[in-house]
Amino acid sequence: MIRKWLAMAAGLVLLPGASAWGADAINSGDTSWVIVSTALVMMMTPAGLALFYSGMSRYKNLLNTFAMTLVAYCLASVIWVVWGYTLAFGPDHGGIIGGMNHLFLNGMDVNSVTGTIPTYVFVLFQLTFAGITVALVLGSIVDRMKFSSWIVFAALWITFIYCPVAHWVWGGGWMAKMGALDFAGGNVVHINAGVAGLMLALVLGKRKGYGREAMFPSSVALSALGAALLWFGWFGFNAGSALAANGVAGSAFLATNTSAAMAALAWMGAEWFIAKHPTVLGLASGVVAGLVAITPAAGFVNLQASLIIGLVAGVLGYFSVSKLKLKMGYDDSLDAFGVHGLCGIWGALATGLFASPAISGASGFFYGNPKQVGIQLVSIAATIAFTAVGTLMVVYITKWVTGGLRVPVEQEVEGLDSAVHGERAFEIG
Amino acid sequence: MKKIEAIIKPFKLDDVKQALNDIGLQGMTVTEVKGYGRQKGHKEIYRGAEYMVDFIPKIKIEIVVPADRLNETLETIRKSASTGKIGDGKIFVMSLEEVIRVRTGETGVEAI
């Protein structure tokens, strides 16, 4: 099983070379599981995240949040198959970026194989990750960004930020060569999206009335349903990232569910103890915090480690959204940075601590490989630095292209559902 | 005739209504209102974001009584609406010129 995984990992690294294709045979079990996983991860964006975020946004911006999530997935779907995939997984250039050989998925056909699955399936599986990553960013900026600016930003960000980082980690780039462990996207997805969200929120500024007016979620019930769909989809995200129907997939599944549950309990406990209410939004956010933190570790750590990773993620998530945000004063509207950024950093670090050779062969600090912690820290710092600077550049280009990033203040007060989309989420009375 | 406007805590409405029924007063108009007095607003925090609660939800009761029943009515409202804590509300009293029952055209105390 481990040998199979290692062979798979090697196959992934070699994947950009066309010679790697067709070398292996398609395994129907692996293929079925990755196709199902792809569909599961797809659902996370226009259903799971869309509900999770829209329910948290204010009643007058519910549909705008939904629209931003949906349009992000659509943009990623088109960009990925035209130029995104090849930038991330095309032949490596200096460890930094993939070549343009597979523009429009050129050079592959129905018989192409990546690892033990058809390359088309691999392309689609990776597409769903690009989709959710860019959509996650909007959790920091809802209620105030122009829809046109979001579209331009999302297209640029997938191209210039997501694709390079995905290449570094999964496309045979420098982080992969350095030995950084990121099973399903701690760096690529969560740190990347969380830091980008914070940068965008800082440039956009706070929502009008932030810190004075109450900004309650439109529907905690929708958010809780969204979190449940994210949880469900995350089994494809993490267990699917084994890219095989094998023991590692099962182990990743186990770690994923355990961490999510543990983090929800931890968040609930921390909130109940400190703020006196075990809120439903807290439970739902705890689930997501635990899923985020286990993402880079899922296929590397054992059950005990997943319990600890979830426990810390729940408490860390609670303190980052309730205390750190208040102290620092930034308006991370739906806590993309607090939950995805910070819990993603914890998960990437924890992978370096707890990676057990019995799972996938990689060892962390507690299994006699202290060097792994250093490698993880370098990968975390590099992702943060690149994303922070790169996102700022993308933000300013977007601002220039669309003539400002923010909606006019009258629209912000009226609500973006009616001002931008001409619709209302609910017709009551 | 006197018109009484009482601002009370929402959860005390049933007690006040019952107490007024018990002394034989019938009819009242009730409105959900928001406001602040000496209690002022206060700061709250939701998910790490502060906000001011300037206006606190209250219930406004309006009733009209003959002048000779005023003191008894005021005492009943005050007792039944009181919790002894800040924010129990206020009672305003004003003289009323005329009351007309729409259906019959009766006026004055007869119309109350």
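Visitor: Which helix is A:His421 found in?
Guide: A:His421 sits in helix 16 of chain A, residues 416-421. Helices here are DSSP runs (H or I, at least four residues), numbered from the N terminus. This is a predicted model, where local features need pLDDT of at least 70, side-chain atom pairs count only at pLDDT 80 or more, and totals for chains, interfaces and linings use all residues. Residues are numbered from 1 along each chain as its sequence is written, while chains are lettered from A and ligands numbered from 1 in the order in which they are written.

Visitor: And what does A:His421 touch?
Guide: Leaving out residues up to four places away in sequence, A:His421 touches A:Leu63, A:Asn64 and A:Ala67. In contact means that the C-beta atoms, placed from the backbone, lie within 7 Å. A:His421 and A:Ala67 are 354 residues apart in sequence, yet their C-alpha atoms are 8.9 Å apart in space.

Visitor: Why does A:His421 count as partly exposed?
Guide: Because A:His421 has 16 C-beta neighbours inside 10 Å. Buried takes 20 or more other C-beta atoms within 10 Å, exposed is 12 or fewer, and partly exposed is in between, with C-beta atoms placed from the backbone.

Visitor: New topic: how do helix 4 and helix 7 of chain A pack?
Guide: Helix 4 (residues 119-137) and helix 7 (residues 186-204) of chain A pack at about 30°, with axes 7 Å apart. Axes are lines fitted to C-alpha atoms, for helices over the stretch in contact, and angles run from 0 to 180 degrees between N-to-C directions. Helix 4 and helix 7 of chain A are therefore roughly parallel, a label for angles under 35 degrees.

Visitor: Which residues of helix 4 of chain A meet helix 7 of chain A?
Guide: Among them are A:Phe129, A:Ile132 and A:Leu136 in helix 4, and helix 7 brings residues including A:Val189, A:Ala193 and A:Leu200.

Visitor: Is A:Leu243 buried or exposed?
Guide: A:Leu243 is buried, because 26 other C-beta atoms lie within 10 Å.

Visitor: And what is the phi of A:Asp335?
Guide: A:Asp335 has a positive phi of about 65°, and it is not a glycine either. A:Asp335 lies in the loop between helix 11 (303-328) and helix 12 (336-354) of chain A.

Notes: Helices (H or I, at least four residues) and strands (E, at least two) are DSSP runs, numbered from the N terminus. Two residues are in contact if their C-beta atoms, placed from the backbone, lie within 7 Å. Angles under 35 degrees count as roughly parallel, over 145 as roughly antiparallel, 65 to 115 as roughly perpendicular and the rest as oblique.
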